[in-house]
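The entries below follow the order in which I went through them.

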Amino acid sequence: MSATVAAQESPPVLQTLRLTKAFGGLRAVNEFDLTVRRGELAGLIGPNGAGKTTVFNMISGLYVPTSGDIRFEGESIVGLEPHEVTQAGIGRTFQNIRLFPNLTVLDNVRIAYHPHAGYTMFDALLRTRRFEAKERELTERARDFLAIFNLDRYQNELARNLPYGEQRRVEIARALACAPRLLLLDEPAAGMNPGEIVTLMELIHFIRDRFNLTILLIEHQMRLVMGICERITVMDFGEVIARGTAEEIQNDPRVIEAYLGRGAAGRAHAAVSARAA
Amino acid sequence: MNVNLQFLALTVLKIVAVLAYVYALLWVMGRSSRLVKVLGIVAAFAIVQIALTVKVGKSPILNTFDVGLLFQACTMTMVALGLNLIYGFNGQFSLGQWGFYGIGAYTAADITFRWVNRDARGLLVAGVGVALGGLLIWAINRFLRRYRGVPVLSAFTIYLISVIIAGAAAVFFGNALQPALAPLFGTKEAPGILASPAVLQVVFVLAALIAGAFAAGVSFLFGLPVLTLGSDYFGIATLGFTIVVNTLMVNSDTILPFPEMKGGRGMIGIPKLTTWFWAFFFMVLVIIIMRNLVYSSTGRAVLSVREDETAAKAMGIDVAAYKLLAFVVGSFFAGIGGAVYAHYIGFLSPGTFSFLVGFNPLIIVVFGGLGSMTGTVAASFGWIFFLEGLLRVLLSQLGTEAPTWRFVLYPLALLMLMLLRPQGLLGSVEWGFLRAPRILSRPRPAASTAPAPAGK
């Protein structure tokens, strides 16, 4: 728990202030407040349709918030284009894997390096020495990077030919290749079996330590969230219904109600208390 | 019947020879030694040049008809490569390529036509206009990048106004300079220095490049707002563009101030300056630009837009900018192709640029394989020689009305191909020069400097 204590004192990396998104009359996200501190592994959970992905899409610039503010390292990022948000230092993955299916795994990663390729289009057209050097360096870097994830054996494979679990890993690797300081993972365990989830949990821990990251993840798999997240925010119908550590969340009647229904809340609460005792 | 079979065999042989030629050209361009590369390109040029000049009996080895097909294939290669960049590599379904081809043809033709008629304004106005307009667009682009969330239509308006100003300045400049240059053209009896053939060649090359740049500029202005549309809507909008360009051509002498283009009657008197050298030169130039662009970080960014726009954005790729880039470069190729065509054929008719004919490059790109540069080059040559060379002549021997069957047989062939090989003839296979450069895709050496094992 020492990591949590340290995270409590570190400066906030991401802050959303009264963030609201309305689609027509529907308020998908309503006055959503969230603070993620440096080095933290935070979780955002909630039943289907609670507005979790909408929050992610607003942070990554795909949606423009109806009102409210998003601060990344103290500066507002509302109104930035999605690619500018990425270049500012926020990487993300998607709920339904979005690799570049007809490109090789190596190219998937090399695309992430594009904003820092170090040569212009004219270097490429004239095949200048600068192009040769930078392109080779970039390719080597991408290979080394894939090696960190044991993915280098797939480097010349088309992304769509990889097994599902490996595609997830490529997507996470690719997001990390953008050199983010904050990583948003949208349901990384979706469609994974229990064995794969354990591997994924190890991977998430590993990348946080290795790349000095702050991670915010959305998840449905309680196992994963309760297992690795230091602080959890629970959403339902676009609003925050609970915050806290895994134990606090598990015992919160409102959370149980949101997940299991009103009648179940009392019984489940009793069962949890009984188990705790 | 005996004659027909002989002809059939000869034509099939020609198609095979042309494809072998394309393969050999790409192979030799892909050699690593620079000397071999240059010698190979020169040899590829020389072989055809010899076949054009050396006479066997009365006529050269390649007769006038074949030469026509060859030039058409070269221009089609440029246009179709441009379209493949837009549609095959960037995923934007465009029917506007033919419009840009037409713009290029008319622009270049007007420049040289005026020049041979001792009027330098064509070159001056178009050249200065393109240079000034390009400079302004570049400067405004740099300027606008400082501001967050400038609406596309506002940006478009700023660009449009500045380009109009540049055009007006160019016209003023051209009119002001023409009197000073006029004496240098001399008279018909005593041609001046500017009327010499060497200068005309330079003007032709400049005209081709200006035509490309002009088409690129138009595509920038058109693409800026229109590329924000989804792919299908973009296709319809570009179809509209081709129709607008065609209508302007038909009325170029009435609603546009270009009496020399003669509207629907067609523009005559364009100097036939496209030699095999220039056709070959521009085609190789386009192939090299295309290949160097595709196999670079920029090319990968263009590809990522086709693969998944949302993911590309999440990777920090400015999707709108790369759509525009592919569109502009593709139109540049089309403009150059148009210039080469205009100076080969010597006569421009708006009918050539109608939107129905405009499906040809699309057919070639799909036929050769979306996303395969080799497929596009091979299909451009194969298609022209098949459709024009084989079918037209073969069928005409069966009766005067028989050639009409061409447009039954060739769509059927296309249909068969799409059913049997939906990815196109070559799929995503590349030959020789057009393959991914080896240094960039070679496997990791055995003694790798692998970092610490993964945390897995």
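I began with Leu185(A): its bridge partner in β8(A) is Leu217(A). The two strands involved are β7 (residues 182–186) and β8 (residues 214–218) of chain A, which run parallel and are joined by 5 bridges. I count strands as DSSP runs of E, at least two residues, and helices as runs of H or I, at least four, numbered from the N terminus. Two strands pair if DSSP finds at least two bridges between them.

A note on the source: this is a predicted model, local features need pLDDT of at least 70, side-chain atom pairs count only at pLDDT 80 or more, and totals for chains, interfaces and linings use all residues. Residues are numbered from 1 along each chain as its sequence is written, while chains are lettered from A and ligands numbered from 1 in the order in which they are written.

**The sheet**

Next I followed the whole sheet. It is open, has 6 strands and mixed pairing, and its order in chain A is β6-β7-β8-β3-β9-β10. β6 (90–92) and β10 (239–244) of chain A are the edges; each has a single partner strand, so one side of each lacks a neighbour in the sheet. Neighbouring strands are turned by 20° against each other on average, direction ignored; the axes are lines fitted to C-alpha atoms, and angles run from 0 to 180 degrees between N-to-C directions.

**Strand β3(A)**

Is β3(A) mostly covered or uncovered? I found 5 of its 5 residues (41–45) buried. Buried means 20 or more other C-beta atoms within 10 Å of the residue's own, exposed means 12 or fewer, and partly exposed is in between, with C-beta atoms placed from the backbone. Leu41(A), Gly43(A) and Ile45(A) point one way, and Ala42(A) and Leu44(A) the other.

β3(A) pairs in the parallel sense with β8(A) over 4 bridges. It is also joined to β9 (residues 231–236) of chain A, again parallel, by 4 bridges. Leu44(A) stands opposite Ile218(A) in β8(A) and opposite Thr233(A) in β9(A).

**Domains of chain A**

I then turned to the division of chain A into domain 1 (2–89 + 180–244) and domain 2 (104–178). These bounds come from an automatic or database domain assignment. Their centres, taken over C-alpha atoms, are 26 Å apart. In contact are 11 residues of domain 1 and 9 residues of domain 2; contact means C-beta atoms, placed from the backbone, within 7 Å. On the domain 1 side, α8(A) gives the largest share, 4 residues. That side divides into 7 nonpolar, 3 polar and 1 charged. Here Ala, Val, Leu, Ile, Met, Phe, Trp, Tyr, Cys and Pro count as nonpolar, Asp, Glu, Lys and Arg as charged, and the others, Gly among them, as polar.

**The core**

Which residues touch the most other members of the largest nonpolar core? Among them I noted Leu146(A), Ala173(A) and Ile336(B), in a core of 203 residues. Such a core is a set of buried Ala, Val, Leu, Ile, Met, Phe, Trp, Tyr and Cys residues joined through C-beta atoms within 7 Å. Helix α12 (residues 319–345) of chain B gives the most, 16 residues. Ala173(A) touches Val109(A), Phe145(A), Leu146(A), Phe149(A) and Leu151(A), not counting residues up to four places away in sequence.

**Chain B against chain A**

Last, I checked the chain contact: 30 residues come from chain B and 41 from chain A. On the chain B side, α10(B) supplies the largest share, 7 residues.

Conventions: Contact = placed C-beta atoms within 7 Å.
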